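Hi,

Here is the structure I promised to pass on. Have a look at it first, and then read on for what turned up.

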Protein chains: 2
Amino acid sequence: MEWLEMSTENCPVQLTLDLVGEKWMLLILRDATNGVRRFDEFRRHIGLSEAVLSDRLRKLTAAGVLRTVAYQEPGSRSRNEYRLTRKGWDLWPVLVALRQWGEAYTGDEAEGPVLDLRHDPCGAPVRVSVECERGHTTLSPADVSARPGPAAHPRP
Amino acid sequence: MEWLEMSTENCPVQLTLDLVGEKWMLLILRDATNGVRRFDEFRRHIGLSEAVLSDRLRKLTAAGVLRTVAYQEPGSRSRNEYRLTRKGWDLWPVLVALRQWGEAYTGDEAEGPVLDLRHDPCGAPVRVSVECERGHTTLSPADVSARPGPAAHPRP
């Protein structure tokens with residue numbers, strides 16, 4: 001079976017994008033990985049309408065990417081804040097990869113990074129890399145073959 | 001400066017998503033990294049209308065992510081096919097990361113992968129990893145700090 005003969009119905013890229021393949025979704029996740037948890041903070045920082053933000057937070061919570069935790073400020077009613085689950089944190093490499101491309105192609109290299117990601121213990125800059133399970137790292141597309149796996153189906 | 005005080009105007013994730021933060025864009029790039037080059041092949045495989053596909057290919061070409069190369073089938077007029085540039089291939093880790101999440105959370109692990117990515121020389125499965133420049137690999141979000149870099153600006 002060749003790529004063009006593969007059904008896209010269960011394509012893992014496509015199914016992921018069905019959930020997060022929208023700019024607002026990924027910006028909410030960007031903010032969440034940077035510690036934002038509260039509705040008004042997401043709204044102000046991303047510049048989203050309340051209606052759109054509510055809808056997207058609801059979808060991310062329903063999908064198990066975010067979970068709600070109640071909090072209460074003195075004198076206010078109880079509200080929910082939004083925290084990434086393990087499933088949500090597993091989208092972090094997508095965001096690191098998007099950041100890396102943006103730093104390389106939309107920024108000014110001489111100016112340095114906009115968002116500086118560093119490995120805490122050693123202080124070295126962080127990057128995303130494609131590697132194999134035997135430990136070969138920094139693989140390029142030419143080093144990798146993509147073939148339909150056992151769960152692939154032919155197109156109808 | 002804290003995250004919420006940072007201007008999002010030059011955020012590298014946001015500027016990347018301004019270009020590719022849409023499901024169709026990323027599905028076109030998914031197909032392109034799997035060897036699809038011709039208009040009709042993209043259209044049929046992704047299931048996009050001609051108008052939307054033309055528009056997205058035009059935007060990706062204008063952004064330097066794809067380049068056009070003329071080809072001619074016997075008896076037909078000359079047409080363009082679309083090939084990834086270096087700038088386009090540099091989005092490959094984004095797609096590998098999206099695939100990885102989809103294989104983990106939308107597939108059936110017992111069935112195996114839908115799209116099997118293997119390191120050519122050794123045959124081992126391929127994954128995306130966050131690593132630091134000193135070679136520490138498989139970093140988790142807890143190992144990494146994100147701080148505004150020298151190119152960050154405060155919010156107006």
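A:K23 makes a salt bridge with B:D18, with the closest N and O atoms 2.4 Å apart (a salt bridge here is a side-chain nitrogen of Lys or Arg within 4 Å of a carboxyl oxygen of Asp or Glu). The pair crosses between chains, running from helix α2 of chain A, where A:K23 sits, to B:D18 in helix α1 (residues 12-20) of chain B. Helices (H or I, at least four residues) and strands (E, at least two) are DSSP runs, numbered from the N terminus. B:D18 is partly exposed, at 46% relative accessibility; buried means under 20% relative accessible area, exposed over 50%, and partly exposed in between, with a 1.4 Å probe and protein chains only.

Before I go on, some housekeeping. This is a predicted model, in which local features need pLDDT of at least 70 and side-chain atom pairs count only at pLDDT 80 or more, while totals for chains, interfaces and linings use all residues. Residues are numbered from 1 along each chain as its sequence is written, chains are lettered from A and ligands numbered from 1 in the order in which they are written, and side-chain values use heavy atoms, with hydrogens and water left out.

Back to A:K23. Its charged end also sits over the ring of A:W24, 5.4 Å from the ring's centre. The rule for that: NZ of Lys or CZ of Arg is within 6 Å of the ring centre and within 35 degrees of the ring normal. Another case is A:R38, which lies over the face of A:Y71 at 3.7 Å from the ring centre.

Now the interface. How many residues of chain A are in contact with chain B? It is 87 residues of chain A, against 87 residues of chain B, where contact means heavy atoms within 4.5 Å. The area buried between the two chains is about 8200 Å², with carbon and sulfur atoms giving 66% of that; buried area is the accessible area (1.4 Å probe) that two parts lose on being put together, summed over both. In chain A, the residues that lose the most area to chain B are A:W3, A:W101 and A:V114, together 10% of what that side buries.

On the polar side, 47 residue pairs are in polar contact between chain A and chain B, both residues being at pLDDT 80 or more. A polar contact is a pair of N or O atoms within 3.5 Å; within protein, one must be able to donate a hydrogen and the other to accept it, and residues adjacent in sequence count only if both atoms are side-chain atoms. As for which part of chain A does the touching, the largest share of its side, 12 residues, comes from α6(A). Four salt bridges cross this interface. A:R127 forms a salt bridge with B:E131, at 3.0 Å between the closest N and O atoms.

Leaving aside neighbours within four places in sequence, A:H45 is in contact with A:R30, A:D31, B:W3, B:L4, B:M6, B:T8 and B:R155.

Over all chains, the structure holds 30 salt bridges. One of them joins A:R56 and A:E22, with the closest N and O atoms 2.6 Å apart. A:R56 lies in helix α4 (residues 50-62) of chain A and A:E22 in the loop between α1 and α2, so the pair ties together parts that are 34 residues apart in sequence. A:R56 is buried at 15% relative accessibility, whereas A:E22 is partly exposed at 23%. Both belong to a network of salt bridges that links A:E22, A:D55, A:R56, A:R58 and A:K59. In chain B, B:E81 and B:R83 form a salt bridge at 2.8 Å between the closest N and O atoms; B:E81 is buried at 7%, and B:R83 is partly exposed at 24%.

Last, the rings. Rings of Phe, Tyr and Trp (its six-membered ring) pair if their centres lie within 6.5 Å; planes under 30 degrees apart count as stacked, over 60 as edge-to-face and the rest as tilted. That gives two aromatic pairs over all chains. A:W101 and A:Y105 form a tilted pair, 5.2 Å centre to centre with 40 degrees between the planes. They are four residues apart in helix α6 (residues 92-105) of chain A, so about one helical turn separates them. A:W101 is buried at 4% relative accessibility, while A:Y105 is partly exposed at 29%. B:W101 and B:Y105 form a tilted pair as well, at 5.2 Å and 40 degrees.

Cheers
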